[in-house]
Amino acid sequence: MSNTAATLNTISRYLNFTLAVPIITFGIIGSILTIIIFIKRPVFWNNPTITYLLAGAIMTIIHLPTIYLAIILASGFETYIMMKNDISCKLFNYFLYVTTAAAISFPCWAAFDQYACTNRDANFRHRWSSMRFVRRAIFGTILFWLIFYLPVFILTNINAYGCSIEILFVRQLNNYVCTPLVFTILPVILVAFFMHEILKNLRSTIIANRHTHLERQIRRMMTPQVVFLAVSGFQFGLESFYLEYTADVPKSEIRSAIETLILQILRLFYHVNFVCTFYIYFYISNEVRRPIKEIVDRLIPINRVTPTHTTISFELNINNNITN
């Protein structure tokens, strides 16, 4: 191996040590705090948008330690958990697609709910922004992706291309069509449409005045998340397309090292959206900051200093009472 290729591979490994490990750590911590706050704060109970975001946080806490951790171990530590046998390979690929698709879907559902609850039609609002519909949508979304990617589980095995789908047509259909459509094209179209409709609905004075301060906070929390998620999903589709297109192309050591480094950077960029979600909520919403501050105050008690003159007055009062 040339010195250049070795250097690039070393940089790729160091990216795992210095960036990927903190990303997964802060991502898991943020997801846990998001779940705790959304469940324990009564103000968030029975809020449809928050319920979608809660489902997304739960999916994130499944994705990071099972899927992204396996990628980190393979890229940075040369420990290939998914390559131990065909079963581990099948499970890795299957849940890679299912958890990622679900993690993208729930913020899109949250955007739809904001569109529904700002709609001028009261019947439309009650039908599509009810908790009954939200629960069905969450269950249906998870079930849909579990069924949709079932062929990935069935047809994936360890082969000449690594851990991948063995049938060429199915693999190309997934990498050329399904992945760009699910992870890039559809989320961008949906987010752009819902955001446009939300802004149009809010131009109505009646609808704008009806919304509470909490609902406005929720919309501000959700907006950067869904936009960043839609944008970062672009690299996921691009990665699948490129890897499939160049699967049979002979590659030099330097080209392989360059591709590995670029793919590592793209994966880091994509997984940042799993990390930044909680911190966006914390920055924007005082309803999120308040319980965090309460937790910090309980864990790190602040020593309160009593003013000197107050202490002296208190002691004088005690002495007078004793004398009397």
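Start with C108: at 10% relative accessibility, this cysteine counts as buried, because anything under 20% falls in that class. Keep in mind that the model is a predicted one.

| Cysteine | Relative accessible area | Class |
|---|---|---|
| C89 | 0% | buried |
| C108 | 10% | buried |
| C117 | 11% | buried |
| C163 | 16% | buried |

Now for the bonding. The structure has one disulfide, and the partners are C89 and C163, with their sulfur atoms 2.0 Å apart. This pair ties together distant parts of the chain: C89 sits in helix 3 (residues 86-117), while C163 belongs to strand 2 (residues 162-165), 74 residues apart. The link of C89 and C163 is right-handed, with 110 degrees about the S-S bond.

Next, take a look at helix 5, which runs over residues 131-148. Its 18 residues reach 25 Å from the first C-alpha to the last, close to the 26 Å expected at 1.5 Å a residue. Which residues of helix 5 are buried? They are M131, F133, V134, A137, I138, T141 and W145. These residues lie on the same side of helix 5, because they cover an arc of only 155 degrees around the axis. What do the buried residues of helix 5 pack against? Their partners are helix 2 (48-77), helix 3, helix 4 (122-128) and helix 7 (168-202). Turned away from that buried side is a face with the exposed residues R132, R135, R136, F139 and I147.

Definitions and conventions:
Residues numbered from 1 in each chain as written. Predicted model: local features only at pLDDT ≥ 70, side-chain atom pairs only at ≥ 80, totals over all residues. Heavy atoms only, no water. Disulfide = S-S within 2.5 Å. Helix = DSSP H or I, 4+ residues; strand = E, 2+ residues; numbered from the N terminus. Buried < 20%, exposed > 50% of the residue type's maximum accessible area, 1.4 Å probe, protein only. Expected span 1.5 Å × (residues − 1). Arc of directions from axis to C-beta. Contact = heavy atoms within 4.5 Å.
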